[in-house]
Amino acid sequence: MLETSARLLRLLSLLQTPREWTGAELAERLTVSTRTVRNDVERLRNLGYPVNGTRGAAGGYRLGAGAALPPLLLDDEEAVAVAIGLRTAAGGTITGVEETSLRALAKLEQVLPARLRRRVNALQRYAVAVPLDDLGPRVDADTLSALAAACRDHERLRFDYRSHDDTASRREVEPYRLVNWGRRWYLVAFDLDRADWRTFRVDRLHPRTPAGPRFTPRELPEEAVDHVRRGVSSAAWRYRAQVVVHAPAEQLAERINAAIGAITPVDNTRCLLDTGADTIEALAVHLGLLGADFTVTEPAELVDLVRELAGRYHRATGPQPQKT
């Protein structure tokens, strides 16, 4: 009986991998006959596990979705990874999952072998996270789940939204993607009232129920992450500037990503960079790191700061040697 129970657990572990197994493959892995595999599969079904089977040369077995969560069998590396992930989730950017994550972690640690518990405890004790200067906003787990479901089911969303300048509005959109960038979550959607694509901070929206009618999906104009980069960077800039960079557009594009700004070719040797930053100081520093000469004519405070920095850097190198 003990041997049969151990074999059933091993069989269940194999069936939990996302693939279909033939009877011969399972028999080889378990070192039994295909008849024994068929009997063991029937035992699992009698225990309530939905093992789906297909006949024929290309047929096989696969564990289907059931009403109850079956025992999850993990190897050593998978168990450690899950434990680390649960610990990280308990202090992450999504509210409402902290207690749940800690409960799941406690259950996992209770059944971990001593050798794995030592590895997990060592990581928890000696791996110290440095607190961020800006902890950033946190989003509600239920809100994320509702948005993901609307994206999956192609259902319109209605929500109250507060923009970065604290302006309140009510939106109706077709949701497409959720993007996690740093410590923030964004929703990429088609705004029906504005007839254009928009990016929304998830922590600033409050969904209204019920969800709207289903919609026929449109084709995203660009990758969802790139859409967020463009929308978020330009919306967050307090200071903007158009700078002539003395380098071909292709060369500059290799050095910066879409979040830095938009590049427009001028000729074979120059391009126009539309960029910005939260502060004039940060904007001036970023321009100095482009790796190419540039000409800036506005805004006036940026011109003055670049001139001041140029003099400061020049003085920092000390007196120039006298030529003889």
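**Notes on the predicted model**

1. Of the 324 residues in the protein chain, 31% count as buried (under 20% relative accessible area with a 1.4 Å probe, protein chains only). Bear in mind that this is a predicted model, where local features need pLDDT of at least 70, side-chain atom pairs count only at pLDDT 80 or more, and totals for chains, interfaces and linings use all residues. Residues are numbered from 1 along each chain as its sequence is written, and side-chain values use heavy atoms, with hydrogens and water left out.

2. On the overall make-up: the protein chain has 11 helices and 13 strands (DSSP runs numbered from the N terminus, H or I of at least four residues for helices, E of at least two for strands). Its accessible surface is about 20800 Å², with 52% of that belonging to carbon and sulfur atoms (Shrake-Rupley method, 1.4 Å probe). Take the contacts between residues at least 6 apart in sequence: 55% of them join residues at least 24 apart (contact being heavy atoms within 4.5 Å).

3. Now the open sheet. Four strands run in the order β11-β12-β10-β13, with antiparallel pairing (to pair, two strands need at least two DSSP bridges between them). The edges are β11 (261-265) and β13 (294-296), each pairing on one side only. Direction ignored, neighbouring strands here are turned by 25° against each other on average (angles are taken between axes fitted to C-alpha atoms, for helices over the stretch in contact, and run from 0 to 180 degrees between N-to-C directions).

4. A closer look at one pairing: β10 (residues 239-245) joins β13 in the antiparallel sense over three bridges, and V245 stands opposite F294 in β13. Helix α10 (residues 280-288) lies across β10, β12 (271-277) and β13, and runs at about 145° to β12.

5. Then there's the α5/α6 pair. The axes of α5 (residues 98-111) and α6 (residues 114-126) come within 9 Å and cross at roughly 135°. L105, E109 and Q110 of α5 meet R117, V120, N121 and Q124 of α6.

6. Finally, A150 sits in helix α7 (residues 141-153). A150 is buried, at 2% relative accessible area. Leaving aside neighbours within four places in sequence, A150 is in contact with E155, L157 and P175. R177 is 27 residues from A150 in sequence, and their C-alpha atoms are 9.6 Å apart in space.

Note on methods: Buried < 20%, exposed > 50% of the residue type's maximum accessible area, 1.4 Å probe, protein only.
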